[in-house]
Amino acid sequence: MPHQFDSPLPIDAVLDDHRSHPNPSILSSMINADPPMPLDGIRANIKVIIGGGLNEPRDAILTLVLGLLENPAQKDNVLARPELWPAALEEAVRWISPIGMSPRRIAKPWSIRDVAFETDERAFLMFGSANRDEAHFARADEFDVRRDTSKSVAFGAGPHFCAGAFASRAMIGKIVAPMLFERLRNLRLREDAPPVVRGWVFRGPVSLPVRWDA
């Protein structure tokens, strides 16, 4: 196991420790890869991991709460049948994708319909739009925990599939959301303060006024 530090250290010092003490962690896997990943690449990955661990879970939690509170019958069904929590989370992140857009670099000349792309140009993938594509999701703008979300790209796909997807599904769908509704009795939206959803890259409720019974 890596050493436990008593005080914060620069990330390079942490990486040195992982280099000296190989372990199953992601950091150790990157620093001890054969060949080793470049240090700048490791730093960039750490930045993405930290950002992904803060922004997307926040938006996913609030979106799931919003979806259920706006649909009381579905909320009551999920609370009565805890096995539905994972499906509720999948529908929430399809309905309002925590990653609304992500840029990609074109690796080789490519075209779609009448649009041509050249190497090194950038394309912006709209996950929020794809997850509301009526060709794949009937009544796409509605929140429905009974929906088949197998075509959702909320967690990405292929080599870009979210590395934290399984942790997110366990943390939010099996722990945070059920505990929140258990502890905040009769959780409900405030009629005098409607929720506000915003965001381009990171998207979700930025204001979600609620009430509950003490």
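What volume does the second largest pocket have? In this predicted model, the second largest pocket has a volume of about 160 Å³. Its lining is formed by Trp-95, Ile-96, Ser-97, Gly-100, Met-126, Gly-128, Ser-129, Arg-132, Gly-199, Trp-200 and Arg-203. Classified by residue type, the lining of the second largest pocket comprises 4 nonpolar, 5 polar and 2 charged residues.

In terms of class, 32 residues of the lining of the largest pocket are nonpolar, 10 are polar and 5 are charged. At least two lining residues are contributed by each of the helices α2 (26-31), α3 (39-69) and α7 (165-183), and likewise by each of the strands β1 (102-105), β2 (110-112) and β4 (122-125). Helix α3 provides the largest share of this lining, with 12 residues.

Helix α3 also packs against helix α1 (residues 11-20), at an angle of about 110° and with the two axes 12 Å apart. Angles of 65 to 115 degrees count as roughly perpendicular, and α1 and α3 are therefore roughly perpendicular to each other. On the α1 side, the contact involves Ile-11, Asp-12 and Leu-15, while α3 contributes Leu-39, Ile-42, Arg-43 and Ile-46. The residues of this contact between α1 and α3 consist of 5 nonpolar and 2 charged residues, with no polar ones.

How values were computed: Residues numbered from 1 in each chain as written. Predicted model: local features only at pLDDT ≥ 70, side-chain atom pairs only at ≥ 80, totals over all residues. Heavy atoms only, no water. Helix = DSSP H or I, 4+ residues; strand = E, 2+ residues; numbered from the N terminus. Nonpolar A, V, L, I, M, F, W, Y, C, P; charged D, E, K, R; others polar. 1 Å grid on protein atoms, 1.4 Å probe; cavity = no way out; pocket = protein on both sides within 12 Å on 5 of 7 lines; lining within 4 Å. Points joined across faces, edges and corners; volume = space filled by probe spheres on them. Axes fitted to C-alpha atoms, helices over the stretch in contact; angles between N-to-C directions. Parallel < 35°, antiparallel > 145°, perpendicular 65-115°, else oblique. Contact = heavy atoms within 4.5 Å.
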